[in-house]
Amino acid sequence: MRIAVLTDIHGNREAFAAVLADVAGHGVDRVALLGDIVGYGGDPEWCCDRAARLVAEGALCIRGNHDNAAAGAPEAMSALARAAIEWTKDRLDSGQRAFLAGLPLSHEEEQVLFVHASANDPGAWSYVTSDTRAAPSFRATKARLILCGHVHVPLLASCDVGGVVRAQVFRPGLAIPLLPSRRWLAVVGSVGQPRDGVAQAAWALVDTGKGEITFRRTSYDVAGAASRIRAAGLPEMLATRLLTGT
Amino acid sequence: MQLRPHTGLKIDGFPLGEKLHTGGFATIWDVTHPDHDLPMVMKVPTILDGYDGPTIVGFEVEQMIMPRLSGPHVPRVLGSGGFEVMPYIVVEKIDGGSFLQVFQKAPLPLSDVIEIAARMVHAVADLHRQHVIHLDLKPENFLQRKTGEMVLVDYGLSRHDLLPDLLAEEFKIPMGTFPYIAPEQYLRCRDDPRSDLFALGAMLYVLATGKMPWGTPETLRGVRKRLWRDPVPPRAIRPEIPEWLQEIILRALVVDPMRRYQTAAQMAFDLGHPQQVKLTDRAHKMKQDGWLQVFDRWRVMRKLRKFEAPKSMAAQMAAVPVIVTAVDLSPEGERLADALRNAIKRMLVTEPEARIACVNILKTARIGIDQTTDDQGNNLHVARLVALKAWAEAIDLPDHRLTCAVLEGPDPGQAIIDYATTNKVDHILMGARGHSTTRRYLGSVSAQVVAEAHCSVTVIRVQ
């Protein structure tokens, strides 16, 4: 099965639409959204509705901390994220908020675990930023592959037969074999607000049959997304960071 | 691991036959399978009880790299299994067997050394083309097909340029086989294809002289010595070794990878054109460097932590392309030959490290005996070569980067294509003749080359 994994869309319509168009050209069997559909970006309604439509068509969608906050739950957040989420809350109607509130925190099928943040306690929203921080996720599940988001920088880690967890250096755009002798964890990177210095939407293509993952980047109308943020009166920093991907 | 291999065990449809070999890290078994009608062997890593890191990771690296390789120089993979039941990998059996026996007969007759060297370098060039650095080249890892091609086996220490390096973090000591390991491998570098060229150089040294260039060190200290101590020149051991062969061997064994051969293709090219190998002091050297020189090197090298590795394998291979230019030297072709030469000069601006091979085709009859001399009794081949060299002189390149060759054959297009294939050429530059009667009846040579060559082809026209 070929799964397109998208996460941390953050209300960036331009990036979301561009990635979905790219996905359509890759012949996937399933789309998985790993949460944070809203927050930061200037178009939360559109992104929410698009996600809901994808779910109606069979896609999987996980709840992220921003979705939780936008639905009304109390979440500890930075001032910047707080400002954006307050604005977002007012933009969403009750149906959209209910959609976000009803999303699951994690989902496992065919030995693949989908979760927004660290798998050991999905609701605690721990960041998986290194191999050390990936270790608790491996301990929490027997799944062969853990797919997550939350950190806007892609990461690939493996857990070998002896339980040693190591980050693996990889190149985007190339299929990386997920050796069956190890278990794997991939932080796929953010669609709507990449922070690894590349101003392109990040997503991943997983082929469970071949046992491969490809980290992909899709270019989108960055300037358009930034101007929407400005037009909405959101903090300027949210617009400029899109331009540099930081 | 639940199962241990033994004769009679059946796993995933492969019944194990006789045990063929017991190595340090694996056992090799004869196997068959109802779906595959060819001789096959199964390699089963010998995992010690408990956690045996090096063997496990080495086996994982093989499982990752081998299925991605293709062509005559690598064994075909037919199956593999994970650690849950019994780890194994099944590959085709290479009928000609290991190359170790041949090595044990070294020194070999020089004609054999040269012929074997060419086949070994071709196999390595093919592996590098597929983004893989072997990093453990030694005689045991070269097998031969009955058809003559060398097959490289044992990818447990290898590095795929485009895939994660599972071994990078795993071990803190240098990995490889001590007599053949390159200086940068001693310094823990795992991403330089030139390390394989060093190992090739060491093996050619053995084939030609019957001695190991640095003996058989058993400690890392012993391996480290090669950073400053030069080997005894091959010609000092066996004076009949030609200077050009010593030049090739010692150039492959240069300590600094930047001053070694830069690609396997370059090395193959020199082995194929012995008369045109540029001879340096290395070629004439008859004894090891004096103690003062060695001491100076030791002072620098003992502090060295790493050599500069190339940005990527692809970049390394693309930086030193071999470009072939096929020239028509007939009077009608004069304007085209000028245009071609200008095109090469322009190309050298963007490819400053390129090596240019100028070829001219002497067409021979398909049937019957050819005239090898003209009416005045001059040798046609020599006359062509002289004319070609005169034409090439104006390209203004140093000798070691310029080669001239007159190819003979009934089909000029095929002659160019064959030359490009055997010499691992990256780019062909040739002219297209205008609309002539010959072309209408015989078809265009350039069109044939464009259609059938394996590399890039640029066709130049005079307007």
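Strand S5 of chain A and strand S6 (residues 145–148) of chain A run parallel and are joined by 3 bridges. This is a predicted model, in which local features need pLDDT of at least 70, side-chain atom pairs count only at pLDDT 80 or more, and totals for chains, interfaces and linings use all residues. Residues are numbered from 1 along each chain as its sequence is written, while chains are lettered from A and ligands numbered from 1 in the order in which they are written.

**Strands of chain A**

- (Strands are DSSP runs of E with at least two residues, helices are runs of H or I with at least four, and both are numbered from the N terminus; two strands pair if DSSP finds at least two bridges between them.)
- S5(A), residues 112–115, also pairs with S4(A), residues 106–109, this time in the antiparallel sense over 4 bridges.
- Within that pairing, A:Glu108 has A:Leu113 as its bridge partner.
- The hairpin of S4(A) and S5(A) has 2 residues between the strands, and A:Glu110 takes a positive phi near 45 degrees there.

**A helix pair in chain A**

- H2(A), residues 44–56, packs against H5(A), residues 94–101, at an angle of about 55 degrees, with the axes 10 Å apart. (Axes are lines fitted to C-alpha atoms, for helices over the stretch in contact, and angles run from 0 to 180 degrees between N-to-C directions.)
- The two helices are therefore oblique to each other, a term for angles that are not under 35 degrees (roughly parallel), over 145 (roughly antiparallel) or 65 to 115 (roughly perpendicular).
- A:Glu45, A:Cys48 and A:Ala52 of H2(A) meet A:Gln96, A:Phe99 and A:Leu100 of H5(A). (Contact needs C-beta atoms, placed from the backbone, within 7 Å.)
- By class, the residues of this contact are 4 nonpolar, 1 polar and 1 charged. (Ala, Val, Leu, Ile, Met, Phe, Trp, Tyr, Cys and Pro count as nonpolar, Asp, Glu, Lys and Arg as charged, and the others, Gly among them, as polar.)

**Chain B**

- Chain B is assigned domain 1 (10–92), domain 2 (100–316) and domain 3 (321–460), with bounds from an automatic or database domain assignment.
- An open sheet of 6 strands in chain B has the order S1-S2-S3-S4-S6-S5, with antiparallel pairing.
- Its edge strands are S1(B), residues 10–11, and S5(B), residues 77–81, each pairing on one side only.

**Between the chains**

- Chain A and chain B each give 13 residues to their contact.
- The side of chain A that touches chain B has 8 nonpolar, 3 polar and 2 charged residues.

Key
Two residues are in contact if their C-beta atoms, placed from the backbone, lie within 7 Å.
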